[in-house]
Amino acid sequence: MAASSINFVEVGPRDGLQNERTVVSTADKLELIARSIAAGARRIEVTSFVNPTRVPQMADAEAVCAGLPERAGVTYIGLVMNGRGADRAIATGRINQLGAVAVATDKFAMANQGQTSDESVEAAKAIIAKAKDAGLTGQATIGASFGCPFEGEVSEARVIEMARRLAKAGPVEVALADTIGVADPAHVTRLVAAVRAAIDPLPVRVHFHNTRGTGLANVWAAVAAGATVIDAALGGLGGCPFAPGAAGNVSSEDVVYMLERARVSTGMDLDQLIESSAWLTDVIGRKLPGMVAQAPRFPQVS
């Protein structure tokens, strides 16, 4: 493996919940965040500052921020798509890092944020600059890095070129997002290695969905290729309202189990994640897709 440890980002409160039909209360979102901190998460995507008519689950973004626990060493991330969203996030006084998204194809960029792919890169760069001006940090994610729901295959050269442009804006990292879960480990290995070389010394972050059952294999391939920051969502919740067929994120407890068993440190407490997954199942009202929480504990503790 290229790394003996990774930085873990819990995205359940935002990407995990945004596509759920069951309206989750602000109180339950804050409980999810508190449980994530208790389990070891030190970077948490807590909400998004987007049009509530398009993503109703995120309509309480300011209320969530108002209730965030004061915890030293915890970075709260707010996803924003434009300057207006960035201003809202900054105004809360509780967001530490703005998450910007650029999309690798025009059709998905238009569906996701009403702009072309190139326009989304410029918007992401402007968001990072705005974060810095406010004394915060910014991150950049390239959506549909491995495939697009509208245009199909995505050129690796296109993603690498976007990563170079975004890196010049000075984000804390550049993320490759498999928004619709079409990546395979060989593709992940190639693209992570190429982007890592293109943006060095910035870290590569990865964000995988398990739509076709390859999510965990892709996490493994990414870490082996040098990615050092991994997104996951408790219970495997997630999906994108603007990407037809997108299913859940890789499950936090599944990712932690796999990496910790392989002696790659995540800083996370698996038992607490499993307990929280059971709690979240009750909140959502259905069985969650994460596997480790459904299996017998291993090894058994006598």
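This is a predicted model: local features need pLDDT of at least 70, side-chain atom pairs count only at pLDDT 80 or more; totals for chains, interfaces and linings use all residues.
At what angle do helix α6 and helix α7 pack, and how far apart are their axes?

Helix α6 covers residues 117-133 and helix α7 covers residues 156-167. The two pack at an angle of about 25°, with their axes 10 Å apart. An angle under 35 degrees counts as roughly parallel, and α6 and α7 are therefore roughly parallel to each other. The crossing in which α6 passes α7 is right-handed. On the α6 side, the residues that meet the partner helix are S117, D118, V121, E122, A124 and K125. On the α7 side they are R158, M162, R165 and L166. Sorted by class, this contact has five charged residues, four nonpolar ones and one polar one.

While we are looking at α6, please find K130, which is also placed in that helix. K130 has a relative accessibility of 29% and counts as partly exposed. Which residues does K130 touch, once those up to four places away in sequence are not counted? They are G83, A86, D87 and I90. For one of these, A86, there is also a distance to report: its C-alpha atom is separated from that of K130 by 7.4 Å, and the two residues are 44 apart along the chain.

I turn to a second pair of helices, α8 and α9. Helix α9 consists of residues 215-224, and its axis comes within 8 Å of the axis of α8, the two crossing at roughly 30°. That angle makes α8 roughly parallel to α9. Here, too, the crossing is right-handed, with α8 passing α9. From α8, the contact is made by P185, V188, T189 and V192; from α9, by A217, N218, A221 and A222. By class, the contact of α8 with α9 has six nonpolar residues and two polar ones, with no charged residues.

Next, two individual positions in the fold. S48 has its place in strand β2, which runs over residues 43-49. Is S48 buried or exposed? Its relative accessible area is 1%, so S48 is buried. Leaving out residues up to four places away in sequence, S48 touches R14, M58, A61 and L79.

The other position is M268, in the loop between α10 (252-261) and α11 (270-284). M268 has a relative accessibility of 9% and therefore counts as buried. Its contacts, aside from neighbours within four places in sequence, are F8, S36, A39, G40, A41, V256, E260 and L273. M268 and N7 are 261 residues apart in sequence, while their C-alpha atoms are 9.8 Å apart in space.

Most residues other than glycine have a negative phi, and most peptide bonds are trans. R263, in the loop between α10 and α11, has a positive phi of about 65° although it is not a glycine. At 67% relative accessibility, R263 counts as exposed. A144 is another non-glycine residue with a positive phi, in this case of about 60°. A144 lies in the loop between β5 (137-143) and α7. In contrast to R263, which is exposed, A144 counts as buried, at 0% relative accessibility.

Where are the cis peptide bonds that I wish to point out? One joins D200 and P201, with omega at about 15°. P201 is found in the loop between α8 (185-199) and β7 (204-208). Another joins F298 and P299, with omega at about -5°. P299 is found in the segment after α11.

Finally, the cysteines. How many disulfides does a search of the whole structure find? The search finds zero.

To close, I return to the opening question: α6 and α7 pack at about 25°, with axes 10 Å apart. Thank you for your attention.

Note on methods. Residues are numbered from 1 along each chain as its sequence is written. Side-chain values use heavy atoms; hydrogens and water are left out. A disulfide is a pair of cysteine sulfur atoms within 2.5 Å. Axes are lines fitted to C-alpha atoms, for helices over the stretch in contact, and angles run from 0 to 180 degrees between N-to-C directions. Helices (H or I, at least four residues) and strands (E, at least two) are DSSP runs, numbered from the N terminus. Angles under 35 degrees count as roughly parallel, over 145 as roughly antiparallel, 65 to 115 as roughly perpendicular and the rest as oblique. A crossing is left-handed if the near helix is turned anticlockwise from the far one by less than a right angle, and right-handed if clockwise. Contact means heavy atoms within 4.5 Å. Ala, Val, Leu, Ile, Met, Phe, Trp, Tyr, Cys and Pro count as nonpolar, Asp, Glu, Lys and Arg as charged, and the others, Gly among them, as polar. Buried means under 20% relative accessible area, exposed over 50%, partly exposed in between (1.4 Å probe, protein chains only).
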